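Hi,

Here is the structure I promised to pass on. Have a look first, and then read on for what turned up in it.

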Amino acid sequence: MTDYYEILGVPRDASAEQIKKSYRKLARELHPDVAGEAGEERFKDVARAYEVLSNPDKRQQYDMGVDPSSPSGGAGAGFGNGFGFQDIFETFFGGGGAPAGPVPRARRGQDALVRMDIDLAEAAFGAKRELQVDTAVVCSTCSGNGCRPGTDLKTCEVCHGRGNVQRVARSFLGQVMTTAPCAACQGFGTVIPEPCADCSGEGRVRSRRTLTVNVPAGVDTGTRIKLTSQGEVGPGGGPAGDLYVEIREKPHETFVRRGDDLHCTLQVPMTAAALGTVLELETLDGEQEIDLRPGTQPGQVVTLKGLGVGHLHAGGRGDLNVHVEVQVPAGLDEEQTELLRSLATLRGEERPEPRLTAAHPGVFSRLRDKLSGR
């Protein structure tokens with residue numbers, strides 16, 4: 001087979017970007033307007049090599065020893081004149097074969113996926129975000145047809161615009177007529193005599209653009225937002241695929257999210273828990289009052305309704321659950337120690353009887369252990 005890697009001057013493990021870069025360089029050097037007739041044949045070889053190596057499926061076939069640009073499709077010549085078993089199968093059993101007419105150059109582009117980091121407030125309330133994406137867009141120089149300005153597509157002289165050719169091959173079954181995609185035009189029915197210098201005949205170029213993404217309330221890590229027709233423009237200036245924006249929510253320094261509910265820990269002195277108090281708590285909605293009843297116990301949960309994360313695709317919000325952590329004072333001075341001893345005497349707790357109970361971790365402790373993987 002023809003060594004397409006050697007023609008383009010790239011190694012066999014070359015990336016798609018290396019192949020494209022080498023092709024563009026050679027296409028400019030060998031273009032008939034630059035090299036004249038002397039470079040015309042080489043220009044055609046370079047174009048054929050790029051057509052195979054730039055297509056992942058064709059490149060895979062080529063690396064396996066099959067030349068997809070050859071009239072026989074690169075099949076083995078076990079039955080003579082390059083006629084392979086696949087030709088026989090398709091002829092007698094209708095295994096696909098060539099399409100009835102030329103295939104369109106404009107094809108739908110691939111879908112694209114990008115990731116976007118958001119904070120908890122944006123997930124709770126929703127937001128509008130600007131997002132920069134690097135995708136393929138229609139080439140503005142040739143408007144997507146792949147031809148140099150002032151030129152146009154030319155009907156293929158081999159298949160006369162049909163996109164496929166018929167050939168008669170000899171096999172052990174006798175002479176068989178088969179239909180295959182035209183190798184000269186790759187089944188398009190037309191050729192690009194003078195490719196656009198900016199897009200190398202692809203009809204599309206890569207460009208960075210800015211999109212506005214509407215992030216709905218209630219999204220979470222892994223949520224994907226679909227932006228229709230904002231993905232890659234297809235070959236030949238074909239319609240664009242879709243763009244998917246995958247959300248990654250950044251951890252918050254105070255609140256832990258569980259579904260649409262939020263959890264946090266509020267540390268209060270022992271005296272405040274015993275006597276009761278009103279405290280100010282900074283939430284996503286601003287400062288909110290927390291009313292601690294007298295005798296509040298460690299691990300008790302105070303729920304603030306509707307101060308959590310908005311429900312995705314539904315009204316309302318989750319709750320904010322405040323887990324109370326009672327702080328036992330340490331480093332008491334003599335006066336404070338005496339006061340606590342007097343309190344213990346009044347409550348009959350100078351020598352309390354120990355009471356053992358089963359260990360039941362609180363809700364927030366279980367949540368924290370689960371999130372930390374314990």
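Let me start with cysteine 196, which is buried, with a relative accessible area of 2%. (Buried means under 20% relative accessible area, exposed over 50%, and partly exposed in between, using a 1.4 Å probe and protein chains only.) Cysteine 196 sits in the loop between strand S6 (190-191) and strand S7 (204-215). Helices (H or I, at least four residues) and strands (E, at least two) are DSSP runs, numbered from the N terminus.

Before going further, two notes on how to read all this. This is a predicted model, where local features need pLDDT of at least 70 and side-chain atom pairs count only at pLDDT 80 or more, while totals for chains, interfaces and linings use all residues. Residues are numbered from 1 along each chain as its sequence is written, and side-chain values use heavy atoms, with hydrogens and water left out.

**The cysteines**

Which residues does cysteine 196 touch, leaving aside neighbours within four places in sequence? Cysteine 196 is in contact (heavy atoms within 4.5 Å) with Cys139, Thr141, Cys142, Gly146, Cys147, Arg148 and Gly201.

Two of those names come back in the UniProt record, an unreviewed entry, which places the feature "binding site" at Cys139, Cys142, Cys196 and Cys199. These four span 61 residues in sequence, yet no two of their C-alpha atoms are more than 9.0 Å apart, so they gather at one spot. One caution on the record: UniProt positions are given in the numbering used here, feature names are shortened, and annotations may be inferred rather than shown by experiment.

Cysteine 142 is also worth a click. Its loop runs between strand S2 (127-138) and strand S3 (154-155), and at 6% relative accessibility cysteine 142 counts as buried. Not counting residues up to four places away in sequence, cysteine 142 touches Cys147, Cys196, Cys199 and Gly203.

Helix H2 (residues 16-30) has 15 residues and reaches 21 Å from its first C-alpha to its last, close to the 21 Å expected at 1.5 Å a residue. (That expected span is 1.5 Å times one less than the number of residues.) Its buried residues are Ile19, Lys20, Ser22, Tyr23, Leu26, Ala27 and Leu30. Seen down the axis of H2, they fall within an arc of 165 degrees, so they line one face of the helix. The arc is that of the directions from the helix axis to the C-beta atoms. Glu17, Lys21 and Lys25, on the other side of H2, are exposed.

Helix H5 (residues 56-63) has Lys58, Arg59 and Tyr62 as its buried residues. Down the axis of H5 these fall within an arc of 100 degrees, so they line one face of the helix. What covers them includes helix H1 (4-8), H2 and helix H4 (40-53). On the other side of H5, Pro56, Asp57 and Gln60 are exposed. Asparagine 55 caps the N-terminal end of H5, with a side-chain oxygen 3.0 Å from the backbone nitrogen of aspartate 57. After H5 comes glycine 65, whose phi is positive, near 100 degrees.

**A buried aspartate**

Aspartate 319 lies in the loop between strand S14 (301-304) and strand S15 (320-327). Is aspartate 319 buried or exposed? Aspartate 319 is buried, with a relative accessible area of 18%. A polar atom of its side chain lies 3.0 Å from the backbone nitrogen of glycine 306. Beyond four places in sequence, its contacts include Asp260, Asp261, Thr303 and Leu307.

**Two positive phi values**

Most residues other than glycine have a negative phi. Histidine 160 has a positive one, near 55 degrees, and lies in the loop between S3 and strand S4 (164-171). Histidine 160 is exposed, with a relative accessible area of 56%. Serine 229 also has a positive phi, of about 60 degrees, and is partly exposed at 43% relative accessible area.

**The whole chain**

The protein chain comes to 10 helices and 15 strands, and of its 374 residues, 35% count as buried. The average pLDDT (the predictor's confidence in each residue, from 0 to 100) is 84, and 83% of the residues score at least 70. Take care with residues 73-98, where pLDDT stays under 50.

Cheers

Key: A polar contact is a pair of N or O atoms within 3.5 Å; within protein, one must be able to donate a hydrogen and the other to accept it, and residues adjacent in sequence count only if both atoms are side-chain atoms.
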